[in-house]
Amino acid sequence: MNSDNNNMNYIATFIKLSHLIEVIFFFFTTYNYYQIQAPPLRLSVTFFSRNPLVILRFPLLPVCSEEAPPPPPPPVVYNREVDDMLRSIINKLREQTAVLKDKSIDPYATSPEITPPVTPILKKEDYLRMKEEERIAKEEADKKKAEVDAKKAEEKKIKDEEKRLDAEKKAEEARLEEEAKKKAKFFTNIIVSFFDTLLQPIENKMDGVLGQTLDPLDRRYIAWLSLVGLAFNYNVWFCTARLAFPYHNETNNPYWIFFDILSDVVNVIDIIIWQPRLQFVKAGDVVKSRPMAKVHYRESQKLKIHIFSIIPFDLLCLHFKFSTIYRVNRFIRIESFFEFSDRLESIMAKAYIWRVIRTTGYLLYALHLNSCAYFVASVYQGIKSTTWVYDGEGTAYLRCYYFAVRSLINIGGLPEPVTTFEISFQMANFFIGVFVFSSLIGQMRDVIGAATAGKTYFRASMDGCVDYMNTYGIPKSVQNRVRTWYNYTWAAQGMLDESELLDKMPLVMRTAIAVDINLTTFQKIALFQGCDQQMLVDMLLRLKSIVYLPGDFVVKKGDIGKEMYVIKSGAVQVVGGPDNSIVFVTLKAGCVFGEISLLQSAKDGGNRRTANVKAHGFANLFVLEKKDLFDILVHYPESQKVLARKGRKLTKSKGPPPAKTKEEKQPGFALLGQKTETPKLIRLLTNFRKLKLLSQGNNTKISVI
């Protein structure tokens, strides 16, 4: 009973506090309103709270008449956050007040809080039984977990054992393989040592002829590769012909044997003498050591191919019928032919000639194989058995080759095939012919196009320039000079602009070419003697090539000097006089002019040209601009000082004499020296004498001041 009274008192107290907060909120709101708008009339109204025991009075807004009640004014809010917070608190208090009121009326009402779970009350027997069941279940779960762990451990143990056995097996296999390699290497080393000892005298003699090692681009090696390529072509051409055509007989066999042995000797010499001497690149370095070159060749795949290609299967002819089928392994030396082709292209001035010859050889060899296949097909069908096969008349190879040419190139006029085999063979011939012939023609077109690409570019450039001049009505004389420049430039250097070719090269190559062409000439120039050699090399890289036609003025008197010139080819003349008809000097290839103007200043016209220079015939000049020279001198301050000092000396020695001034004395009076000043007394007497003469002559009065 006491607890119920306490609860009721708590509820009543909570309700009063909530109403008190509402009243405080209402008071602040009303107070704020009266602070802003002072009403003319203040009334007291009784405010009844929700608790009937609490009665309060507050002054409210002025009351209007009952006919037209005014709308309530909006509340004034100074702080939105405080207002929202107070409103949320009031709403929560109202909700809790309503719940507590309901609970005060109905004591069995449910609390808004979540009810905690109720612990069941069991008897002692039931509790003991439940605990026993939990213990048994836990033991079973632990037992199952132990069994699973034991099973996993067993499986892991089995896998580890299998891995160990596999590792031991692999280690044993590796050991056996290593031992086998050692044995093979041991026997190989014995064989190699035997051959080294046997061939040592020959190698020593060849060292004096070929040297310890050879550059793969050495012309002697390329000449030897031509013999290796010839031996390869002998095998691929004649072996196929001997397989297809009946060229083996007692008369011809000795000749075939001789040439077979000769081609094999060439391959053996290549393996023993030439290949072990070739230099090779390792980690960017060119290895020139003879022992290392020999080891490199013996460990390469190339040696295995070469050894297999010379295995003498021909000895089987002693037991079986004489045939060239035993020489098919010689065909794998095809890489030697391609190596010879690449090396030959690298040293030829016009490599497209060899490319055309090689492509033509591919076409002829395709026709050769087809002629051999046609003869074999004719033998299979029977000579003269049908109109399509070879009739057995004339030279078999020439007749079959003629058929292959007409068949592969699809000329037409061939005899009609009769049997199914003949029809199938001819259809395959047509398909292969179209494919092979189109491929070779396309390759030939590319070869010829690459060979004439420069000429095509030259023609296109010249035609475009001529069209431009015709469009704008350029005089014919100028057009003829432009055409002459194009033709001479192309004929002289094979291109219109050398810089296009040199820009594609690395800096080292461009430097080597520039040094080889012009360094000696630059070292002879007095202005550049004593300068840093690297500065001269940098200057060479900035040179530009220009072609002048006969009669073209390179420089004219009075022009601003911005370049110096080095004569690459041709000649120029320094001219003057009326109509530039007097030739003072002729400068030829290797001469330099205009170098002083590079260092002279534009102040007072110091860098003006002092003479006319024109081309005598076609002249190809190298030009160095002043801007490029100054860009280089930034990095060479010492050379800049040397050039400045020499430039001043050359300017004084070669420059024009200074202009005469008004104060300059005549040469005759200069011999008498400087005139002394006249005494004042003598000058006064002279003046009086002059005045007297003037007065007598003019009869006028003269006053001397």
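What you have open is a predicted model, so to speak of local features takes pLDDT of at least 70 and side-chain atom pairs count only at pLDDT 80 or more, while totals for chains, interfaces and linings use all residues. Residues are numbered from 1 along each chain as its sequence is written, and side-chain values use heavy atoms, with hydrogens and water left out.

Stay with the cysteines for a moment. The structure has zero disulfides (a disulfide being a pair of cysteine sulfur atoms within 2.5 Å). Cys 372 has its nearest cysteine sulfur 8.3 Å away, in Cys 400. Now pick Cys 591, which is partly exposed at 29%.

**Salt bridges**

Which side chains count here? A salt bridge is a side-chain nitrogen of Lys or Arg within 4 Å of a carboxyl oxygen of Asp or Glu, and the model has 27 of them. Select Arg 135 and Glu 139, which form one with an N to O distance of 2.6 Å. They sit four residues apart in helix 3 (residues 124-210), so about one helical turn separates them. Helices (H or I, at least four residues) and strands (E, at least two) are DSSP runs, numbered from the N terminus. Arg 135 is partly exposed at 38%, and Glu 139 is partly exposed at 44%.

Next, go to Asp 260 and Arg 242, whose closest N and O atoms are 3.1 Å apart in a salt bridge. This pair links distant parts of the chain: Asp 260 is in helix 5 (residues 253-274) and Arg 242 in helix 4 (residues 219-244), 18 residues apart. Buried or exposed? Both Asp 260 and Arg 242 are buried.

**Thr 324 and its neighbours**

Thr 324 is buried, at 0% relative accessibility. Leaving aside neighbours within four places in sequence, Thr 324 is in contact (heavy atoms within 4.5 Å) with Cys 239, Arg 242, Leu 243 and His 248. A polar atom of the Thr 324 side chain lies 3.2 Å from the backbone oxygen of Cys 239.

That loop between helix 7 and helix 8 also holds Leu 316. Click on Leu 316 and you will find 37% relative accessibility, which counts as partly exposed.

**Two positive phi values**

Last stop: the backbone. Most residues other than glycine have a negative phi. Lys 384 is a non-glycine residue with a positive phi, near 65 degrees. Look for Lys 384 in the loop between helix 9 (351-381) and helix 10 (396-408), where it is exposed at 56%. Then jump to Asp 579, with a positive phi of about 60 degrees although it is not a glycine. Asp 579 lies in the loop between strand 7 (563-576) and strand 8 (582-588), and is exposed at 78%.

Conventions. Buried means under 20% relative accessible area, exposed over 50%, partly exposed in between (1.4 Å probe, protein chains only). A polar contact is a pair of N or O atoms within 3.5 Å; within protein, one must be able to donate a hydrogen and the other to accept it, and residues adjacent in sequence count only if both atoms are side-chain atoms.
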